[in-house]
Number of protein chains: 2
Amino acid sequence: MYDVADRAGVSIATVSRVYRSPGSVRSETRDRVLKAARALGYVPSGSARGLASRSTGVLGLCFPDYADPDAEDSPANGDEEMLYSDEIIRGMERAARRRGYALLIAASLAGGPENLVAEVAGRVDGFAVLARTVPTESLEVISRRLPVVMLAGPREIDHLDHIEVANHDGQRELTRHLIGDHGYRRLAFVGGEAVSPDAEARFRGFRQACEEAGVEVPGQPDVRAEMTQAEGRRAAHALLDRPGEPPRAILFANDQMAVGALHALEERGTRVPDDIAVTGFDGIPLGRLVRPALTTVRQPMRRLGEEAVELLVQRLAAPKREPVSLVLPVTVMRRASCGCPDPQL
Amino acid sequence: MYDVADRAGVSIATVSRVYRSPGSVRSETRDRVLKAARALGYVPSGSARGLASRSTGVLGLCFPDYADPDAEDSPANGDEEMLYSDEIIRGMERAARRRGYALLIAASLAGGPENLVAEVAGRVDGFAVLARTVPTESLEVISRRLPVVMLAGPREIDHLDHIEVANHDGQRELTRHLIGDHGYRRLAFVGGEAVSPDAEARFRGFRQACEEAGVEVPGQPDVRAEMTQAEGRRAAHALLDRPGEPPRAILFANDQMAVGALHALEERGTRVPDDIAVTGFDGIPLGRLVRPALTTVRQPMRRLGEEAVELLVQRLAAPKREPVSLVLPVTVMRRASCGCPDPQL
DNA sequence: ACCTACCATGAATGCGCTTACAGCGCCTGG
DNA sequence: CCAGGCGCTGTAAGCGCATTCATGGTAGGT
């Protein structure tokens, strides 16, 4: 900057103004500065600017690592892994750009999440955290210095902004569809581990729909599992091995389990949806690939990212506004696995 | 930091050392500092650190915007848009984290790409650029101050590190498969616009395979099109409306066109692969969703991102090493559209 | 012709940190 | 017993920029 100022015959203050508030510099002077900058290959230092202006122009996103960082880049595991983070990243990037911010992303490494978040926090004006990525205490401390918004999952710290999706309502609507439109009444629900607030909310939605329809309501999920494909498969077998009449439909707390169950049912020669209907929750791309295509509840992850940016921007503008908690609507995707006609591609 | 130093009864230099080189501080002192930091909710400033240390610990990625930022978040257009950028981002993030860097991403806005790259450049230690995202002249200037690696596409500036995929070899191998394994000899190639170096390289690979097999070699692609679905569909119709015997197989320079062609052929009642085989290039997820599933050449986009980070890290370590140009291997994905048995999910 | 208001610019300060460099106390070998 | 070395810490000088305040010049008002 000093060199540019020299070459243009102005002071560094003027060079700064050319970039910060072009309008306040005479156009002739401005052109001279710009020309000098180009000639010298001047690239303004973000660090210096950040230090002097006390703001970085960057928003951040911390998310759990979606996969083993040392995993092979095998052709096979391409889309399956396209999990939420990618969509959230996309949504945030887009919204951030619209707002004039860049986006800094960092997955939490198994090694030291504490460091991770400190690294990010020091470089951004505010950031979003996917649930359970960062220890609550770290967040507690950091959120005293800059805006943080929690994404999905429970609102661990109540003075933070928070966005979640309509787990309860989505599962209720899906259940209503199974009962009301398909006439299924022997329903089984496969939940997640009891500590997962999302899975619990979904179960409550399921219960409510059952109650409303006068269908027998279980106090607990029929099975609890770890929300992976393998566990879903196991859960399906367990459910069908139980004595008595098998369920007419199995609702899984997420898509991964439902896909596993599809495999299990195929192994047993049980037809889906003719013998048993299967549904999931999330709307992962894999759900469209499997046959029958998986009926599920789609979470608007991209929008989640966009709303996160909006919340951050708003809080930056009004730091002591009341904390906000948004609930984003979800969409029931009726596909073949519940008995609906498969919409051909 | 001053407050932390005060509270711990040390100088700010010692506080700094606690974070930069913990080993050089007596452990008792270190604990005192850490305790004070925690009590005060100290979050080190990335800007200040960056300014003082002349390095940011951040790598960047500039890519073209994959979609209209104002597009609806409709459930339908979910996976189709899962383009390269997401996979590259994923690869870079993972590799960067392994190397101790964070990742800053920014899509080029139609508005001002020039600004964009300057914004990014000032905040990072080095960055990767997807081909044709940034005007060459801007890159020229910026690459004088910090490492830049060009991703995919031609090597526009020859003193930059550069990574591309094996367009030529991949298309050659795919063509050999069609000729050698399936016995097709009437082949048509639908290329991109002449300015696309990727598409041209693919065409050359096609030609070479034809020559080697003694199959008639066209000097130019049978059709040139814009590499979109709509154009692919148009191209397929055009090809089949030509007088004379229709081709036994059509090779498209990318998946998008091939998918469009699949629709066109369905419209005409032409069976794929029985009447005509179809192939693409890229390995987009949509290619697995369509029926018949699209035989194609898969680009290792995630690895592209990882290699980009490695190159940046290496150049940071050895700024005046010779520029490197990597060619990543691709994988032929044999699916149903060429006549191979469809691997069931 | 003089004062005020305003515009364009320069001088100077400090943002929060890293990093020589220097200093202090202590230990070692000669 | 002293020179030299080592381990730990403090001092101080910036890093490259934004920004406040002061300054000179110019136009408008009276």
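Arg54(A) is exposed, with 70% relative accessible area (buried means under 20%, exposed over 50% and partly exposed in between, using a 1.4 Å probe and protein chains only). This is a predicted model, in which local features need pLDDT of at least 70, side-chain atom pairs count only at pLDDT 80 or more, and totals for chains, interfaces and linings use all residues. Side-chain values rest on heavy atoms, leaving out hydrogens and water, while residues are numbered from 1 along each chain as its sequence is written, with chains lettered from A and ligands numbered from 1 in the order in which they are written.

**Backbone: positive phi and cis peptides**

- Here is some handy background: most residues other than glycine have a negative phi, and most peptide bonds are trans.
- Arg54(A) has a positive phi of about 60 degrees, although it is not a glycine.
- You will find Arg54(A) in the loop between α4 (46-53) and β1 (58-64) of chain A (helices are DSSP runs of H or I with at least four residues, strands are runs of E with at least two, and both are numbered from the N terminus).
- In chain B, phi of Arg54(B) is positive too, near 60 degrees, and Arg54(B) sits in the loop between α4 (46-53) and β1 (58-64).
- Arg54(B) counts as exposed, at 72% relative accessibility.
- Arg291(A) and Pro292(A) are joined by a cis peptide bond with omega of about -5 degrees; Pro292(A) belongs to the loop between α12 (286-289) and β10 (296-298) of chain A.
- Another cis peptide bond joins Val272(B) and Pro273(B), with omega of about 5 degrees, and Pro273(B) is in the loop between α11 and β9 (277-279) of chain B.

**Helix packing**

- As a reminder, two packed helices are described by the angle between their axes and the distance between the axes.
- In chain A, the axes of helix α10 (residues 229-241) and helix α11 (residues 255-268) come within 6 Å and cross at roughly 50 degrees (axes are lines fitted to C-alpha atoms, for helices over the stretch in contact, and angles run from 0 to 180 degrees between N-to-C directions).
- α10(A) and α11(A) are therefore oblique to each other (angles under 35 degrees count as roughly parallel, over 145 as roughly antiparallel, 65 to 115 as roughly perpendicular and the rest as oblique).
- In chain B, helix α10 (residues 229-241) and helix α11 (residues 255-268) pack at about 50 degrees with axes 6 Å apart, which makes α10(B) oblique to α11(B).
- The crossing of α10(B) past α11(B) is right-handed.
- Helix α5 (residues 84-98) and helix α13 (residues 301-317) of chain A pack at about 40 degrees, with axes 7 Å apart.
- α5(A) and α13(A) are therefore oblique to each other, and their crossing is right-handed.
- Among the residues that meet there are Tyr84(A), Ile88(A) and Gly91(A) in α5(A) and Met301(A), Gly305(A) and Val309(A) in α13(A).

**Rings and a charge over a ring**

- The structure holds 8 aromatic pairs over all chains (rings of Phe, Tyr and Trp, the last by its six-membered ring, pair if their centres lie within 6.5 Å; planes under 30 degrees apart count as stacked, over 60 as edge-to-face and the rest as tilted).
- The ring centres of Phe189(B) and Phe203(B) are 5.2 Å apart and the planes stand at 55 degrees, so the pair is tilted.
- Phe189(B) lies in strand β6 (residues 187-191) and Phe203(B) in helix α9 (residues 197-213) of chain B, so the pair ties together parts that are 14 residues apart in sequence.
- Both Phe189(B) and Phe203(B) are buried.
- In chain A, ring pairs link Phe189(A), Phe203(A) and Phe206(A) into a cluster.
- Arg202(B) lies over the face of Phe281(B), 3.9 Å from the ring centre (a charge sits over a ring if NZ of Lys or CZ of Arg is within 6 Å of the ring centre and within 35 degrees of the ring normal).

**Around Glu193(B)**

- Glu193(B) is in the loop between β6 and α9 of chain B and is partly exposed, with a relative accessible area of 43%.
- Leaving aside neighbours within four places in sequence, Glu193(B) is in contact with Glu200(B), Arg224(B), Ala225(B) and Glu226(B).

Note on methods: A crossing is left-handed if the near helix is turned anticlockwise from the far one by less than a right angle, and right-handed if clockwise. Contact means heavy atoms within 4.5 Å.
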